[in-house]
Amino acid sequence: MDIIQMNYFINIVECGCNLSIAAKKIHISQSALSQFVTNFEAAEGIQLFNRKNGRLESLTEAGRKIYRFATEIVNRHEEMLSMIHIESQKQRGTINLGIPSLILRTFFSNALPHFLRNNPHIYIQVIEGGGKEIHQKMSVGDLNLAFLIEPTNLDAQKFEQHIIHLDEYVAYMDKDHPLAQKEALDWSDLADYDIAIFNKTFTTYDLVVEKLRSQRINTKFAYLSSTWDFLIESTYQTDLITILPKSVETLVDGSRFQTVRFNDPIPFNVWFCRPYKASYNEVESYVYEELLKGYYQPLSEN
């Protein structure tokens, strides 16, 4: 069973042994999938599936064991392909720059294209994602540079880290929200309202959950999202509250939404990080120095 056939097998199982659904999902004919199963079982002298009235019904014990191995092998194969892609980029002089989605939109939407226009010889691949995802990629060496939200949780002996932006989390809500006229909020003010925040791949989620836990506040998360503007829009004409950095305020429609600070805010501090190396190539050093000397300025100062 080669890697392609393993994918066939895994998809059949994950589609409830329904060959028709599996064939549509992976864009091959149902007859080809059926022939794969028949040929494999005949060649290896093993039965993968239990059958009922000629239809696949469930995995046999052997089929379950093979499924576990196939799933692990396919996942590792995908990791290998990702690693090959990353190493290839490194050898071509590509700079892999990790930026959490919110930071990318807030700080870099104009500055990064400008930098690339002025430096056409440099290819920067921006790796966007949740803060925890970027941290993981940085930790395993998939990134040359990264912007991370405090706490970075990086080993100070292995990574060079510089703070480049000081900010704090604030509450965003509808203009007519009952809390909209307060000068500042206590975290206990949130107890009576539902909250919508970033999902668990974002550092923000962990920071907000930890703050609420430390304040012994039981509040309800209405839903989680990976999109900051959707979170803000969800508060319009509702009692929902979302918690995001104050720097986002410049991108928000002030005629519809209100921003309120906290008396005891969660810091939203951004750090610029790179792994310590014995030596850096010319492109790595140039990009790092340009970023660090303040090429990218925050949208607002606190």
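This is a predicted model: local features need pLDDT of at least 70, side-chain atom pairs count only at pLDDT 80 or more; totals for chains, interfaces and linings use all residues.

Residues are numbered from 1 along each chain as its sequence is written, and side-chain values use heavy atoms, with hydrogens and water left out.

**Pockets**

A pocket here is an open set of points on a 1 Å grid over the protein atoms alone, where a 1.4 Å probe fits, with protein on both sides within 12 Å along at least five of seven lines; lining residues have an atom within 4 Å of a point. The volume is the space filled by probe spheres set on the points.

The largest pocket holds about 230 Å³ of space. Its lining has 13 residues, and Cys17, Leu19, Gln30, Arg55 and Leu56 lie nearest the centre. H3 gives the largest share of this lining, with four residues. By class, the lining has four nonpolar, seven polar and two charged residues.

The second largest pocket has a volume of about 150 Å³. Among the residues that line it are Lys132, His135, Pro151 and Asp206. Four nonpolar, five polar and two charged residues make up this lining. At least two lining residues come from each of H7 (131-139), S5 (145-149) and H8 (203-214).

**Helix H2**

Helices (H or I, at least four residues) and strands (E, at least two) are DSSP runs, numbered from the N terminus. Leu19, Ala22 and Ala23 of H2 are buried, that is, under 20% relative accessible area with a 1.4 Å probe and protein chains only. Seen down the axis of H2, the buried residues fall within an arc of 100°, so they line one face of the helix. They pack against helix H1 (3-14), H3 and S2. At the start of H2, a side-chain oxygen of Asn18 comes within 3.0 Å of the backbone nitrogen of Ser20.

**Backbone angles**

Most residues other than glycine have a negative phi, and most peptide bonds are trans.

| Residue | Phi | Loop |
|---|---|---|
| Arg216 | about 55° | between H8 and S10 (221-225) |

Asn53 is exposed (over 50%), at 78% relative accessibility, and Arg216 is exposed at 77%. His27, which follows H2, also has a positive phi, near 60°. A cis peptide bond, with omega about 0°, joins Glu150 and Pro151; Pro151 sits in the loop between S5 and strand S6 (159-165).

Technical notes. Ala, Val, Leu, Ile, Met, Phe, Trp, Tyr, Cys and Pro count as nonpolar, Asp, Glu, Lys and Arg as charged, and the others, Gly among them, as polar. The arc is that of the directions from the helix axis to the C-beta atoms. Contact means heavy atoms within 4.5 Å. A polar contact is a pair of N or O atoms within 3.5 Å; within protein, one must be able to donate a hydrogen and the other to accept it, and residues adjacent in sequence count only if both atoms are side-chain atoms.
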